[in-house]
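Subject: Structure handover

Hi,

Here is the structure I promised to pass on.

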Amino acid sequence: MAISTFSKMVLRCPYCGEINQYDLSIFAFSGSNVCRFTCSCGIDIASVGSKDKKHFWVQADCSFCEETHYSYFNRKDLWGDEIVSLFCDESGLDIAYIGPADKIDEIVASSDKSLAEMAQDLGFGDYFSNPDVMYGVLDCLYQLAEKGDLFC
């Protein structure tokens, strides 16, 4: 069984909200032990490293709890046929996915949910007294953040 040498990693920047996709090549570790990944906003948001080129650690900043999460994988996990996910212990939600490019593209396409759908999934559907208005406002804020037009 052949193991692929290229995978894709996708995660959302916890600072600007941008969804970032990165190519992850096993050959990137031939001269270095750590690969760092930077968002288009300029912030380092993840890194992948190895000491022996067989076992790897992934460090990713979380957009849910604003902490850094660490996960450990072997080479077959990261460059195999299936997707692996990194999750936030506090929220229980996935923060990053690594796997074959075609499967990552499917996840990105299917995860484009509205705020109302996400709130329903998390059990917050009836949190607001007028949810339609609030979801509309939150959706507008989200669109501004996606464009980089939302500032503190």
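Strands E3 and E4 (residues 44-50) run antiparallel and are joined by 5 bridges. Two strands are called paired here if DSSP finds at least two bridges between them, and the elements themselves are DSSP runs numbered from the N terminus: helices are H or I with at least four residues, strands are E with at least two. Phe 37 has Ala 46 as its bridge partner in E4. The two strands make a hairpin with 5 residues between them, and Gly 42 in the turn has a positive phi of about 100 degrees.

Before I go on: this is a predicted model, so local features need pLDDT of at least 70 and side-chain atom pairs count only at pLDDT 80 or more, while totals for chains, interfaces and linings use all residues. Residues are numbered from 1 along each chain as its sequence is written, and side-chain values use heavy atoms, with hydrogens and water left out.

Back to E3, which covers residues 34-38: Cys 35 and Phe 37 sit on its covered face, whereas Val 34, Arg 36 and Thr 38 are on the uncovered one. In a regular strand, side chains alternate between the two faces of the sheet.

E7 and E8 are the other hairpin I looked at. They run antiparallel with 4 bridges, and 6 residues lie between them, including Gly 92 in the turn, with a positive phi of about 75 degrees. Ser 85 has Tyr 97 as its bridge partner in E8. On E7, Val 84 and Leu 86 form the covered face, and Ser 85 and Phe 87 the uncovered one.

For the overall picture, there are 4 helices and 8 strands, in the order β-β-β-β-β-β-α-β-β-α-α-α along the sequence. Of the 152 residues, 32% count as buried. My cut-offs for relative accessible area are under 20% for buried and over 50% for exposed, with partly exposed in between (1.4 Å probe, protein chains only). A clear buried case is Val 58 in strand E5 (residues 55-61): its relative accessibility is 0%, so Val 58 counts as buried.

How many salt bridges does a search of the whole structure find? It gives 2, where a salt bridge is a side-chain nitrogen of Lys or Arg within 4 Å of a carboxyl oxygen of Asp or Glu.

- Asp 105 pairs with Lys 8, and the closest N and O atoms are 3.0 Å apart. Asp 105 is in helix H2 (residues 101-110) and Lys 8 in strand E1 (residues 6-12), so this pair ties together parts that are 97 residues apart in sequence. Asp 105 is partly exposed at 37%, while Lys 8 is buried at 13%.
- Lys 103 pairs with Glu 82, with 3.5 Å between the closest N and O atoms. Lys 103 is also in H2 and Glu 82 is in the loop between helix H1 (75-78) and E7, so the parts tied together are 21 residues apart in sequence. Lys 103 is partly exposed at 28%, and Glu 82 is exposed at 54%.

Then there are the surface patches. These take residues with over 30% relative accessible area and no salt bridge, joining like charges within 9 Å and nonpolar side chains (Val, Leu, Ile, Met, Phe, Trp, Tyr) within 5 Å. Lys and Arg count as positive, Asp and Glu as negative, and His and the chain ends are not counted; a charge is placed at NZ of Lys, CZ of Arg, CG of Asp or CD of Glu. Areas come from the Shrake-Rupley method with a 1.4 Å probe, and for residues only the protein chains shown count as cover.

The negative patch consists of Glu 66, Glu 67, Asp 89 and Glu 90. Glu 90 is in the loop between E7 (84-87) and E8 (94-99) and is exposed at 68%. Glu 67 is in the loop between E5 and strand E6 (68-74), and is partly exposed at 48%. The C-alpha atoms of Glu 67 and Cys 88 are 8.7 Å apart, at a sequence separation of 21 residues.

The nonpolar patch is made of Val 133, Val 137, Leu 141, Leu 144 and Leu 150, with about 380 Å² of accessible area together. Val 133 lies in helix H4 (residues 131-147) and is partly exposed at 47%.

Cheers
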